[in-house]
Amino acid sequence: MRDVTYPPIIVTAKAAFKALGQRFRMTGTEHVPREGGVLLAYNHVGYVDFVYGGLAANPSGRLVRFMAKRELFDHRWVGPLMRSLHHIEVDRGDGLDSFRTAVDHLRQGEAVGIFPEATISRAMELKEFKTGAVRIAAEAGVPLVPVIMWGTQRMMTKDHPRDFSRGKTIAITVGEPMYPTGDDPVGDTARLHAQMSQMLRETVAAYPADEQPPGSWWVPASMGGSAPTLEEAARLDAEEKRERARKRAAKRAKKTKR
């Protein structure tokens, strides 16, 4: 693929990271192959995960094509940028096209990024995974590499004000690859979830203690923080979904009256 936009975007992003005085703790990046198709599976804790997720593959010289919700591609300004970076549009109501596009990208030797949780986790720990990641990797015949990001939620996530103050640490942990065959997508998804859960705990434990005092809102309740439990987060997610549906219905009703 011809990349005109991606390289200068990376340069700009790295300049912004430096201006923000951010420190990076990156481990396991050697697990990302330097060539050939590879699917990277990320946890999802904040709105800027797309910006930082590509760093996992940067030491291998790879550009990651992220699978992202259609709403971003529909945006007047963001949409053209997403397409210029060759990211993959996902329609949550019908994911077949995005599945095929991801497989095509991988078979062409691209690195593709996916968020198996589909949405941001308010609990800051892993939600239930969709089986799409292992099915895509199996169909394309490529390795599935797990990636944990930590610290991105401190800047911009659900239910909390933005905070782009200087000096934050961003941790990125890359795990050993899986090789799904497609014979047992549910079992493979469970194994991916277990592997990434362990990686998450190790990443949180290794995070600088002076930046993560006990009771921090961005740390899972099960790890000593004050983030909502998975059950509480599920309730908040359901309320958010109902509110969005109400607003869509009200908008449609308003258009009908016109």
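Analyst: Happy to! A salt bridge is a side-chain nitrogen of Lys or Arg within 4 Å of a carboxyl oxygen of Asp or Glu. R122, K127, K158, D159, D237, E240 and R244 are linked in a network of such bridges. The model is predicted, so local features need pLDDT of at least 70 and side-chain atom pairs count only at pLDDT 80 or more, while totals for chains, interfaces and linings use all residues. Residues are numbered from 1 along each chain as its sequence is written, and side-chain values use heavy atoms, with hydrogens and water left out.

User: What makes R122 and E240 a salt bridge?

Analyst: Their closest N and O atoms are 3.2 Å apart, and the cut-off is 4 Å, so the pair qualifies. K158 also forms a salt bridge with E240, with closest N and O atoms 3.0 Å apart.

User: Why is R122 called buried?

Analyst: Buried means under 20% relative accessible area, exposed over 50%, and partly exposed in between (1.4 Å probe, protein chains only). R122 has 9%, so the label is buried. K158, with 11%, is therefore buried as well.

User: And why is R235 called partly exposed?

Analyst: R235 has a relative accessible area of 45%, so the value falls in the middle class. R235 forms a salt bridge with E239, with the closest N and O atoms 3.1 Å apart. E239 is partly exposed too, because its relative accessible area is 34%.

User: Now the rings. Why is the pair of Y42 and F66 called tilted?

Analyst: Rings of Phe, Tyr and Trp (its six-membered ring) pair if their centres lie within 6.5 Å; planes under 30 degrees apart count as stacked, over 60 as edge-to-face and the rest as tilted. By this rule there are nine aromatic pairs. For Y42 and F66 the centres are 5.3 Å apart and the planes stand at 45 degrees, so the pair is tilted.

User: Then what makes F50 and F66 edge-to-face?

Analyst: Here the centres are 5.5 Å apart and the planes are at 80 degrees, so F50 and F66 are edge-to-face. F66 is buried because its relative accessibility is 1%, whereas F50, at 25%, counts as partly exposed. Y42, F50, F66 and F115 form one aromatic cluster.

User: How do you know that the charge of R154 sits over the ring of W218?

Analyst: The rule asks for NZ of Lys or CZ of Arg within 6 Å of the ring centre and within 35 degrees of the ring normal. The charged end of R154 sits over the ring of W218, 4.8 Å from its centre.
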